[in-house]
Amino acid sequence: MTRILGISGSLRRGSHNTSLLCAAAEAAGPDVEFELFEGLKEVPPYDEDDDLHPRPASVARLNEAIATADAVLFATPEYNASIPGQLKNAIDWVSRPVETNVLRNKPVVVVGASTGAFGAAWAQAELRKVLAALGARVLDVELPVPHAHTRFEEGGLTDEEIRSSLADAVAALAGEIRRRQVVKALA
Ligand SMILES: Cc1cc2nc3c(=O)[nH]c(=O)nc-3n(C[C@H](O)[C@H](O)[C@H](O)COP(=O)(O)O)c2cc1C
């Protein structure tokens, strides 16, 4: 069984990005266990003075969720041409210590939705840059969902083209995990 963790950069109820992750969970095959991380709002502001052991429980939960996942699927909105502050804040927490951070070498895919015409494309590019800087294995998959308010009804995805692209994104992560398992078995 492959474990994929979904992290939405939006905290709001009714978030299109969280809905996108729910659709990704539905699109995943039966061999994928998809977990949606629900604790982003509880992560406190990063303060290096508080970055001691034990870490805040909310940070420890996020760290553990990423560490035990085989891969992470991020869905981010765009806030003022970048990623939401709380998502960046959470990544700053788990980025320490840099050499052994939980995202290092972790397969990740970034997707995103916005109500504008560009589908959070800048935010996705920013997030990929940050994740790559931490040593994550950022897969070459892009899925900008523009005009997000027209693509969901009662939280459910209504756009079949996006559903199919989401399935491809999840399959890319699952394929990377399988590739690694084969390499490990042969080593
Ligand atoms: C503070 C803030 C800044 C935003 N900035 C952008 C932006 O730069 N580009 C864009 O396309 N949409 C922007 N939006 C609109 C978001 O795309 C829209 O609110 C979207 O639904 C957020 O994602 P969610 O539904 O997952 O919460 C902004 C929204 C907020 C609240």
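## Basis of the description

Axes are lines fitted to C-alpha atoms, for helices over the stretch in contact, and angles run from 0 to 180 degrees between N-to-C directions. Helices (H or I, at least four residues) and strands (E, at least two) are DSSP runs, numbered from the N terminus.

The model is predicted: local features need pLDDT of at least 70 and side-chain atom pairs count only at pLDDT 80 or more, while totals for chains, interfaces and linings use all residues. Residues are numbered from 1 along each chain as its sequence is written, and side-chain values use heavy atoms, with hydrogens and water left out.

## Packing of α3 and α4

Two packed helices are described by the angle between their axes and the distance between the axes. For α3 and α4, the axes come within 11 Å and cross at roughly 5°. This crossing makes α3 roughly parallel to α4 (angles under 35 degrees count as roughly parallel, over 145 as roughly antiparallel, 65 to 115 as roughly perpendicular and the rest as oblique).

On the α3 side, Leu-87, Lys-88 and Ile-91 meet Leu-127, Val-130 and Leu-131 of α4; contact means heavy atoms within 4.5 Å. By class, this contact has five nonpolar residues, no polar residues and one charged residue. In this classification, Ala, Val, Leu, Ile, Met, Phe, Trp, Tyr, Cys and Pro count as nonpolar, Asp, Glu, Lys and Arg as charged, and the others, Gly among them, as polar.

Buried means under 20% relative accessible area, exposed over 50%, and partly exposed in between (1.4 Å probe, protein chains only). The buried residues of α3 are Gln-86, Leu-87, Asn-89, Ala-90, Ile-91, Trp-93 and Val-94, and they pack against β1, α2, β3 and α4.

Asn-89 counts as buried at 12% relative accessibility. Not counting residues up to four places away in sequence, Asn-89 touches Val-43, Pro-44, Pro-45 and Tyr-46. Ala-132, in helix α4, counts as partly exposed at 43% relative accessibility.

β1 and β3 run parallel and are joined by five bridges; two strands pair if DSSP finds at least two bridges between them. Within this pairing, Phe-74 is the bridge partner of Ile-7. β3 also pairs with β4 in the parallel sense, over four bridges, and Phe-74 stands opposite Val-110 in β4.

## Nonpolar cores

A nonpolar core is a set of buried Ala, Val, Leu, Ile, Met, Phe, Trp, Tyr and Cys residues joined through side-chain atoms within 4.5 Å. The largest has 29 residues, of which Ile-7, Ile-66, Phe-74, Leu-103 and Leu-131 touch the most other members. Two or more residues come from each of β1 (2–8), α2 (57–68), β3 (71–75), α3 (85–94), β4 (107–113) and α4 (121–133). The greatest contribution, five residues, is that of α3. A second, separate core of 28 residues includes Ala-71, Leu-143, Phe-152 and Leu-166.
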